[in-house]
Amino acid sequence: MLQVEDLEVSYQSVAAVRGLSLSVPQGQIVGLVGANGAGKTSTLNAITGLVQRRGRTLLGGQDISQCKTADIVRRGLVQVAQGRQLFPDMSVAENLEMGGFLQSPASKREMTEKVFAQFPVLKERATQPAGTLSGGEQQMLAVARALMARPKVLLIDEPCLGLSPKMVSRLGEVIRQVNADGISILLVEQNTAFVFGLTSYAYVIENGRVVLEGTPDLLRRNDKVRSAYLGI
Ligand SMILES: Nc1ncnc2c1ncn2[C@@H]1O[C@H](COP(=O)(O)OP(=O)(O)OP(=O)(O)O)[C@@H](O)[C@H]1O
Ligand SMILES: [Mg+2]
């Protein structure tokens, strides 16, 4: 569904992503883990055209390497940004409206009903400014806003950041539900245990390169993964 080949990102002359390749098969949840500064967000920003990049990106077999972000969103590849990036002074409903900005009014109405059914707490708080929601509710809203664009593939960047263990587990359920609706997911996290619990395959990156990849079962048995990423 999503294929990334030889991705390169540099800021000024400093390389942040170096020859990274990965793929997300249709209907799967794939993980991307790595420490602070490993290049996870840069990878996602490059895939969605938010930063200058080299390499090839294919979505459903179509080359989107040269496409602008709005076109990439229109084609069904949508990112949930690290730190949620909501519009804090706008209401929950208005944030959702922004997520559906490329949709027709009818499609937007249909999607709003759907996400309100999926996230009842957002319906209860529809008129409340997004900035007044709890961290967990804000993360739900960030996912819901991305769903408004009717994605085929979601890229989710560090959704667990700052959430309580209870919210993290609720978020895991949400991600599973979204995936069960047929949406393929690339999940980026420093919370490696969370990623391994949800994914069918994962990549470990260091200094902008993939250093390990495999099924969670295989990676869990790797000594380096155990000490550096799982703390066992
Ligand atoms: N806009 C930028 N300008 C210059 N350097 C940047 C920029 N964005 C990121 N970098 C650098 O690129 C490298 C990768 O950063 P990136 O944000 O992709 O890492 P990350 O894996 O997402 O980290 P984190 O877990 O902290 O979110 C880091 O060394 C960072 O300092
Ligand atoms: Mg990041």
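How many salt bridges does the rule count in this predicted model? The count comes to 11 salt bridges. The legends below treat selected regions in turn.

**Figure 1. Domain 1 and domain 2 of the predicted model.** Domain 1 is made up of two segments, 2-76 and 151-228, whereas domain 2 spans 88-149. A distance of 23 Å separates the C-alpha centres of domain 1 and domain 2. Domain 1 brings 16 residues to the contact, and domain 2 brings 12 residues.

**Figure 2. The area buried between domain 1 and domain 2.** About 1,200 Å² is buried between the two domains, and carbon and sulfur atoms give 74% of this area. On the side of domain 1, Val 73, Pro 151 and Val 174 together supply 27% of the area buried against domain 2, more than any other three residues. Polar pairing across this interface is as follows. Zero salt bridges are counted between domain 1 and domain 2, and the rule finds one residue pair in polar contact across their interface, with both residues at pLDDT 80 or more.

**Figure 3. Elements on the side of domain 1 that touches domain 2.** Two or more residues each are given to this side by helix 2 (69-74) and helix 7 (165-180). Helix 7 gives the most, with six residues. Sorted by class, this side of domain 1 has 11 nonpolar residues, four charged residues and one polar residue.

Figure 4. The side chain of Lys 40 places an N or O atom 2.7 Å from an oxygen atom of ligand 1. For the side chain of Thr 41, the corresponding distance from an N or O atom to an oxygen atom of ligand 1 is 2.8 Å. The side chain of Gln 190 also has an N or O atom 3.0 Å from an oxygen atom of ligand 1.

**Figure 5. The backbone at Gln 85.** Gln 85 is found in the loop that runs between strand 6 (77-80) and helix 3 (92-99). Its phi is near 50 degrees, which is a positive value in a residue other than glycine. Most residues other than glycine have a negative phi.

**Figure 6. Arg 150, its backbone and its salt bridge.** Arg 150 lies in the loop between helix 6 (135-147) and strand 7 (153-157). The phi of Arg 150 is near 50 degrees, a positive value in a residue that is not glycine. The side chain of Arg 150 meets that of Glu 110 in a salt bridge, with an N to O distance of 3.3 Å. This pair links distant parts of the chain: Glu 110 belongs to helix 4 (residues 105-118), Arg 150 to the loop between helix 6 and strand 7, and the two residues are 40 residues apart.

How values were computed. Residues numbered from 1 in each chain as written. Chains lettered and ligands numbered in written order. Predicted model: local features only at pLDDT ≥ 70, side-chain atom pairs only at ≥ 80, totals over all residues. Heavy atoms only, no water. Domains from an automatic or database assignment. Contact = heavy atoms within 4.5 Å. Buried area = accessible area lost by both parts, 1.4 Å probe. Salt bridge = Lys/Arg side-chain N within 4 Å of Asp/Glu carboxyl O. Polar contact = N/O pair within 3.5 Å; in protein donor to acceptor, adjacent residues only side chain to side chain. Helix = DSSP H or I, 4+ residues; strand = E, 2+ residues; numbered from the N terminus. Nonpolar A, V, L, I, M, F, W, Y, C, P; charged D, E, K, R; others polar.
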